[in-house]
Amino acid sequence: MIHVLIVDDDKLVRKGLMSFLPWESFGMRVVGEAANGEKALEFLKANRVDLLMTDLAMPVMSGIELIRVVRKQYPNIAIAVLTLHQDFEYIQEALRLGAIDYIAKVELEKDQFEEVFRRIHSRIVEEKQKHEHKNESHTIAEACSSDTAYALLTFPDEPLTSSMVADCVSLGWIAESEGSILMWLTDLAKEVQPQGNYEEDPLPPLPNGTRSSGWHMVRIRHTAGLSPSDLFQRVRAYRSRDFFYDCDGNEPNPIEKSVLELLAEHPEPGEEETDTVKKLLHAFTWVHDDEAFDKLCSRLKELRLPVSKLMQWIYGFMVDWNRLYRAIQPDDIKLPDTFTCWGEVADWLKHFRENGITRSGSLQLSPEVSGSIMTAVKIVHDELEFPLYAIDVAKRVNLSRSYFYQCFKEIVGFSFNEYLRKVRIDKAREYLEQTARPIVWIAKQTGYEDEKYFSRTFREQTGMLPSEYRQQYKTR
C-alpha cells in the first residue's frame, strides 16, 4: 500500500482530494494532510510516506522549498506536484528537483482521475524497481565477510518512519524497504562508523525510536558469504514464527541465533495437544495453583501458536472467566489489543492471577481452598441441567460439607443453593430472550424437571411467569 501525504493551503481542496478520489483502487491510502511545507515536514518526521502530493504556491514554505528539503532528507519519497495554474517555469523547477510528475487540478475531474492515478502509480513502481535494482547490485558486490550480524525487530510489524530511516543510514543500519526490520552488518557498518569507534564484534549503536521496549536485538552468527537480501529473507521468516516467543521483553543482551536456526521448522501441534492445553487454560486451576500456572505457561509457549490465534484463545478464556465468576469478581478484567512479545503474555497472566483472587485473598483463605470454591462455581455453570447438591460438590472439590458452605458464602456472596438458583434463572432469562424454545424445554435445560416448579421459582425471582417475561421482552 502506497502511503500518501497531501499538501495544499486550500482546505477544501485537501478534503476533496481525500474524500472523493479512489485511492484504494490504485493501491494508495491517504495517511495525512498539511496546509504548508513546514507542517508537511513535521508530519514526515513521525510517519511513513511513500508519495508526497504538493501544491507549489503556498504560504510559510512553498512547494518548491518543500520539494528541495524532502529530496535531501527523504530521498525515497516520490513527489507529485499539484498545480492550478500551469506555470511551466515552476513545474520545470519541480521536475528538475526530482518530482516524478505534475498534475493539473483540472485533470482530477471525474472523467480523468483514473488516467492520472494510473500514471502516478506506474512511475512510483518504476522508480522503486530502479532503486531496488541499484541496491541489489550494491549488496551482491558486498556480501558479508564477517561471521556476525545484528537485527532489530519489533512486533507488531509497523513501517519505519522516515526520520528513523534517516538515522539508521547515518549509523550503518540497513532498513528493509517495507516493515520494521533493521540489519547491521559489522563489515559494512564499519565503513560508516567514525574512525577509532569500531571494535571487534561490538553491540551496534541504536537508532532513535528503537530504544523502546517494543524493539529487540538479535545477534546472528555464521553470516559470512550471505548477502543482505538473503539475511533479510531469513530474518523475515524467523520473525513470522519464533521471534515473538523468544522475547521476554526484558532481555539485557541480544537474542542469540545462528543462520540455520533462523530457518528452523516447527511441526504443527496436533489436535490432541492443542485441546489439552486449551482445557488447561479454561480449567482455571492455574489461578490458585503455582505448579499448574507454570505448566500452562510452558505448554502454551511450546505450542508457538500464531499470535492472532493466541489472542483468540486468551480472549475466549476471558469471556469464560467473566461469565463464570462475575459474582466473585464483578469487574471484567480487560485484555490488551495485542501483545508485543511472549514476556508480555506471561506478565499479563501473572497480573491476572493477582487480580482474579483479590477477594478470596482478602479473606485470608489458602490458595487450595480458594481454588476449590472456584472449581465449584465452574461445576455449577458446566452442569447446570443436571441435579446438583452441595454435599456432592463439596466432596468433588475435597472440602467438608460445613467448611464448603462457609467458604462458598464468604467468597461468592451467596450460599451454594442461592447461587445455583440465581445462575439457573439467569440462564432461563437468556433462553427466553434469545430463543423460541418451549417453557418445558427451558425448564429441563436449567435443571428443573417439573415445569410448574420452574415457573413458580422463576416468578419468585423475577416477579413474573416465564411466559410473561418472554412477552414483555418482545415488546421492548
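**Exercise 1. Classify Arg221 by accessibility, then find its salt-bridge partner.**

Step 1. Arg221 has a relative accessible area of 27%, so Arg221 is partly exposed. The classes are buried (under 20% relative accessible area), exposed (over 50%) and partly exposed in between, with a 1.4 Å probe and protein chains only. This is a predicted model: local features need pLDDT of at least 70, side-chain atom pairs count only at pLDDT 80 or more, and totals for chains, interfaces and linings use all residues. Residues are numbered from 1 along each chain as its sequence is written, and side-chain values use heavy atoms, leaving out hydrogens and water.

Step 2. Apply the salt-bridge criterion: a side-chain nitrogen of Lys or Arg within 4 Å of a carboxyl oxygen of Asp or Glu. The partner of Arg221 is Glu256, with 3.9 Å between the closest N and O atoms.

Step 3. Arg221 sits in strand β9 (residues 215–221) and Glu256 in strand β10 (residues 255–258). The two are 35 residues apart, so distant parts of the chain are linked. Helices (H or I, at least four residues) and strands (E, at least two) are DSSP runs, numbered from the N terminus.

Step 4. Check the partner. Glu256 is partly exposed too, at 40%.

**Exercise 2. Explain what the salt bridge between Glu383 and Arg396 ties together.**

Step 1. Take the distance. The side chains of Glu383 and Arg396 meet at 2.7 Å, N to O.

Step 2. Locate both ends. Glu383 lies in the loop between α15 (367–382) and α16 (390–396), while Arg396 belongs to helix α16. The bridge therefore ties together parts 13 residues apart in sequence.

Step 3. Glu383 is partly exposed at 22%. Arg396 is partly exposed at 47%.

**Exercise 3. Describe the salt bridge between Lys427 and Glu430 within its helix.**

Step 1. The N to O distance is 3.3 Å.

Step 2. Both residues lie in helix α18 (residues 416–434). They are three residues apart, about one turn of the helix.

Step 3. Lys427 is partly exposed at 27%, and Glu430 at 34%.

**Exercise 4. Count the salt bridges and name the members of a network.**

Step 1. The structure holds 14 salt bridges.

Step 2. Asp242, Asp246, Lys257 and Arg304 are linked in a network of them.
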